[in-house]
Amino acid sequence: MKYIRNLHNIDNKVLSVSPQIGKDNRVFMDFSKIEVNGRLLGVLNFNLMIPIEEEQLQLVDTTIFKRDRENIKYYKQLCVHVNDFFERTYYE
């Protein structure tokens with residue numbers, strides 16, 4: 001919460017975490033559903049997103065190996081589907 005408050009103090013594009021500040025003119029982008037082949041994979045809540053530095057990003061190896069446990073295989077497949085969704089939806 002303190003991190004977001006500090007961001008808000010620097011840049012007014014970052015929504016305040018205070019329920020009182022700017023409540024009358026807030027624009028909520030709400031969320032976006034991630035659907036693949038008619039199946040809901042997840043939901044992105046844009047109101048909860050905060051900016052980060054590029055150095056904080058971590059690559060995820062989505063290669064599925066035989067030794068991977070089922071939950072790891074599922075997570076890797078989910079990452080691939082979400083990435084495909086973003087490329088189709090936001091980068092075309």
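Leaving aside neighbours within four places in sequence, F85 is in contact with S32, K33, I34, E35 and Y90, where contact means heavy atoms within 4.5 Å. The model is a predicted one, in which local features need pLDDT of at least 70 and side-chain atom pairs count only at pLDDT 80 or more, while totals for chains, interfaces and linings use all residues. Residues are numbered from 1 along each chain as its sequence is written, and side-chain values use heavy atoms, with hydrogens and water left out.

The protein chain contains two helices and two strands, and along the sequence these follow the pattern α-β-β-α. Helices (H or I, at least four residues) and strands (E, at least two) are DSSP runs, numbered from the N terminus. The predictor's confidence in each residue is given as pLDDT, from 0 to 100. Its mean over the protein chain is 78, and 76% of the residues reach 70 or more. Confidence is lowest in helix α1 (residues 2–10), with a mean of 74, and highest in helix α2 (residues 70–90), with 86.

Of the 92 residues in the protein chain, 13% are buried. Buried means under 20% relative accessible area, exposed over 50%, and partly exposed in between (1.4 Å probe, protein chains only). Among contacts in the protein chain with a separation of 6 or more, 25% join residues 24 or more positions apart.

In soluble globular proteins, nonpolar side chains tend to be buried together. Here the largest nonpolar core has five residues, namely I34, V36, L41, L44 and F85. Strands β1 (31–36) and β2 (39–45) each supply at least two residues of this core. Such a core is a set of buried Ala, Val, Leu, Ile, Met, Phe, Trp, Tyr and Cys residues joined through side-chain atoms within 4.5 Å. I34 also provides a reference point for T89, a residue of helix α2: their C-alpha atoms, 55 residues apart along the chain, are separated by 9.7 Å. T89 counts as partly exposed because its relative accessibility is 43%.

K76 is found in helix α2 and counts as buried because its relative accessibility is 10%. Not counting residues up to four places away in sequence, K76 touches D61, T62, T63, I64, F65 and D68. A polar atom of the K76 side chain lies 2.7 Å from the backbone oxygen of T63. This falls under the term polar contact, a pair of N or O atoms within 3.5 Å; within protein, one must be able to donate a hydrogen and the other to accept it, and residues adjacent in sequence count only if both atoms are side-chain atoms.

D68 belongs to the loop between β2 and α2, and its relative accessible area of 14% is why D68 is buried. Its side chain places a polar atom 2.9 Å from the backbone nitrogen of F65. Beyond four places in sequence, D68 touches T63, K73 and K76.

I64 lies in the loop between β2 and α2, but counts as partly exposed because its relative accessibility is 38%. With the same exclusion of residues up to four places away, I64 touches K73, K76 and Q77. The C-alpha atoms of I64 and Y75 are 9.9 Å apart.

The ring of F65 has the charged end of R67 over it, 4.7 Å from the ring centre; the criterion is NZ of Lys or CZ of Arg within 6 Å of the ring centre and within 35 degrees of the ring normal.
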